Every structure is written in structure tokens, then in C-alpha cells.
Amino acid sequence: MSGVRGPIGAPRTMADGKAGRARVAVLISGRGSNMAALVYAAKQADCPFEIVLVASNNPEAAGLQLAEAEGIPTFAHSHKGMKRADYDRLIDAAIRRAGATHVALAGYMRLLSPEFVEGWQGRMLNIHPSLLPRYKGLDTHQRALDAGDRVAGCSVHVVTAELDDGPVLGQTEVAILDGDTAQTLADRILIAEHQLYGRVLAAFVGGPANPALLLERVRAIALALPVASEKMSHGVPAFAAAGKMFLYFRNNHHGDGMVSICVKTTGREEQEMLIDTDPDLYSWPSYIGPSGWIAMRLDRRDLDWDHVADRILTSWRHAAPRAISALL
Ligand code: GRF
């Protein structure tokens, strides 16, 4: 059994979803109890992330059923008979189709290809049942017992090319009891894991706006438009439709202290109207010619990405050749 179930089959854009929340794809191979903990954490109104996909290399993974029952799109495809890089490309495509901004590994029992890790650099976390850097890899509970440790625990870390090796973002210590077996210890650590993962993930995605992540999201929206291309212009990433600029991305441009985009409006009247209506969001762009450009701030937690996508589309319409923009 393999394939895509749920609304993931329909193409989604990076602009979909609730404003300002990180969009997390969770990768599982089995039970999926950590995934469930993340799903329930995301139900809180103030949670800064939502789960947009649960994907598995094991179509029989029990966690898939839970995700489906919770109305979360799932992707299930066995890795058997496929080369690692090919399989990872497949799962990566599903994650990107879901418009995910982050990946959370939760009992995903596959080594990842360097290309996959590179593609999610700085945006992929893992939970591991030991106090890293101790006991990387498998059998962590038994190894802690064999070593005579009095304390074990779990860690959430950023995923890098080395197995279980990236920067540790959070840990919980769990006391080892006399008479503990690997199983009884694992059961108690799992309780700690469920509480740790959501908190660390929330702190990670809810921290200060990350300009690289914002650029990636803007880029995904812009380059999905026909005849759009990217180049550096005046030292910033800029996007053109058939050679004519419609979007600039600016990070603390000339020390203005904000992450913003510049997009085209119909002219002075619309510029004034937008700035009057929402002066926190819109401003006169510094260091850019007059002719209808407006700056739109991106580093706001409550940013409505549907609105950003609309603005980018409108700006693209101003630049794209008539014959092409008429098609959209
Ligand atoms: C957890 O112990 C996690 O730390 C490890 O794999 C196990 C997955 O359990 N990476 P579950 O599938 O989340 O229940």
C-alpha cells in the first residue's frame, strides 16, 4: 500500500494556512506517539505551529491512522527497493507540496540523504531518547542501564548531516529507578518526550522572525508565477517577470530595522490608502524610485501570508506581459 491520502493531493502554496504559524511536516515510521503529542499541542490557539502533513516510509505505521482521524493530510510510501536519494526526493516533494516550512522527525527510522538534510538545513528537528551527546543511535535505554547511569532522558536537536549530532535545543532528565528494564525506562522517558517536543518546537519556530525563512517563503510564492525569475539587484534578492522587476526582498535595508518586500501598486493613491489603513504593515520604501512601489513588512508574527501572496501577484500583474498576465 502506498500513496497520498487526504487534501495533500491538491496542490497547495506556501501561502496557505493560518497566518503566522509555522507549517510543520512530521515524519514517522511507527507508533507515532510523539507525532500525536505535536498534533495535540498544535490545537492550542496560541501554538505557533500547525501540522500540515504526516509522512511515513512505512504504510502500516499506526500513527498514520491517528493523523487521518485528526484530519491531517498523510503521505505513505514504502522505501523498499528504492535508492535512498530517490526515496528522499519523493518524500521531500510531498513535504514541499504541503507547503511545510519545517520538518519534525518523530521516530523516523531512516538515515537521510545529504541532499535532503541540506534542503531543510536549520529547519528540521529530531527527538532522541537519551541525554545527547551520550548514546547516539539505537538501544539508548539499555546502554544507559548497562553503563550504570542514575539519570537518563531525552533531547530535541537540530538535524545535521551527522546522526543525532546537531545542536541540542532542549533536554529532560529522567531518573533511573532500581529494577528498571530498558522497557520500563523507555516508557517513562516517552512521557518526558511528549512534553518536551512541542515546547522546544514552539520556541524554535516562534522565536524572532528568521529572514532566511521569510525569503524562502517569498521566493516560493514569486517563482510559482509564470515567467518569473530571480536575480540580485541593488544588492538584494529581486524577482522579475519576463525581465521586468516586480518584487524586492530586503533585510534591514540601509539599517531600516525590518524584513520587508517592495511591491508595485497602481500609484500614489493606492500607496497612500495602504499606508493610512495599516501603517505598521505598509510604508514608503526607502531608496527606491517613486513610481508606485510600496514596502510591506514581513517580520510580524500575525502576518497574513495569503495577503502577502495577493500583493505579490498584483505586483507581478503590473510587470508581466499582457498576454501572459491575462491568462491568470
Ligand atoms: C521515541 O522514543 C523517539 O525518541 C525515538 O523513536 C521513538 C518514537 O516513538 N526517536 P513514537 O513513534 O513517537 O511513539
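A residue counts as buried under 20% relative accessible area, as exposed over 50%, and as partly exposed in between, using a 1.4 Å probe and protein chains only. By that rule, both Tyr248 and Trp293 are buried.

This is a predicted model, in which local features need pLDDT of at least 70 and side-chain atom pairs count only at pLDDT 80 or more, while totals for chains, interfaces and linings use all residues. Residues are numbered from 1 along each chain as its sequence is written, and side-chain values use heavy atoms, with hydrogens and water left out.

Start with the overall build. The protein has ten helices and 14 strands. Helices (H or I, at least four residues) and strands (E, at least two) are DSSP runs, numbered from the N terminus. The C-alpha trace spans about 75 × 40 × 35 Å along its principal axes. Of the 328 residues, 49% count as buried.

Now the ligand. The space it takes is the largest pocket. Lining residues have an atom within 4 Å of a point. A molecule sits in a pocket or cavity if more than half of its atoms lie within 2 Å of its grid points.

Which residues surround the ligand? They are Arg31, Gly32, Ser33, Asn34, Gly107, Ile127, His128, Pro129 and Glu193. A residue joins this shell if one of its heavy atoms lies within 4 Å of the molecule. Helix H1 (33–41) and strand E6 (124–128) are the elements that give two or more residues to the shell.

Polar contacts are pairs of N or O atoms within 3.5 Å; within protein, one must be able to donate a hydrogen and the other to accept it, and residues adjacent in sequence count only if both atoms are side-chain atoms. Ser33 brings a polar side-chain atom to 2.5 Å from a ligand oxygen. For Glu193, a polar side-chain atom lies 2.8 Å from an oxygen atom of the ligand. Taken alone, the ligand exposes 360 Å², and the protein buries 85% of that. These accessible areas come from the Shrake-Rupley method with a 1.4 Å probe; for residues, only the protein chains shown count as cover.

His128 is found in strand E6. Its relative accessibility is 5%, so His128 counts as buried. A polar atom of the His128 side chain lies 2.8 Å from the backbone oxygen of Tyr135. The His128 side chain also makes a polar contact with the side chain of Asp164, at 3.4 Å.

Next comes the loop between E6 and helix H5 (140–146), where Pro133 is found. The peptide bond from Leu132 to Pro133 is cis, with omega near 10°. Ser130 lies in this loop too. Ser130 is buried because its relative accessible area is 3%. Is Asp139 buried or exposed? Asp139 is exposed, with a relative accessible area of 58%.

Another positive phi, about 45°, belongs to Ala242, which is not a glycine. Ala242 lies in the loop between strand E10 (236–241) and E11.

Finally, the aromatic rings. A search of the whole structure finds one aromatic pair. The rings of Tyr248 and Trp293 have centres 5.2 Å apart and planes at 65°, so the pair is edge-to-face. Rings of Phe, Tyr and Trp (its six-membered ring) pair if their centres lie within 6.5 Å; planes under 30 degrees apart count as stacked, over 60 as edge-to-face and the rest as tilted. The pair links distant parts of the chain, 45 residues apart: Tyr248 sits in strand E11 (residues 244–251) and Trp293 in strand E14 (residues 293–297).

Definitions and conventions
On a 1 Å grid over the protein atoms alone, a cavity is a set of points where a 1.4 Å probe fits but cannot get out, and a pocket is an open set with protein on both sides within 12 Å along at least five of seven lines; lining residues have an atom within 4 Å of a point.
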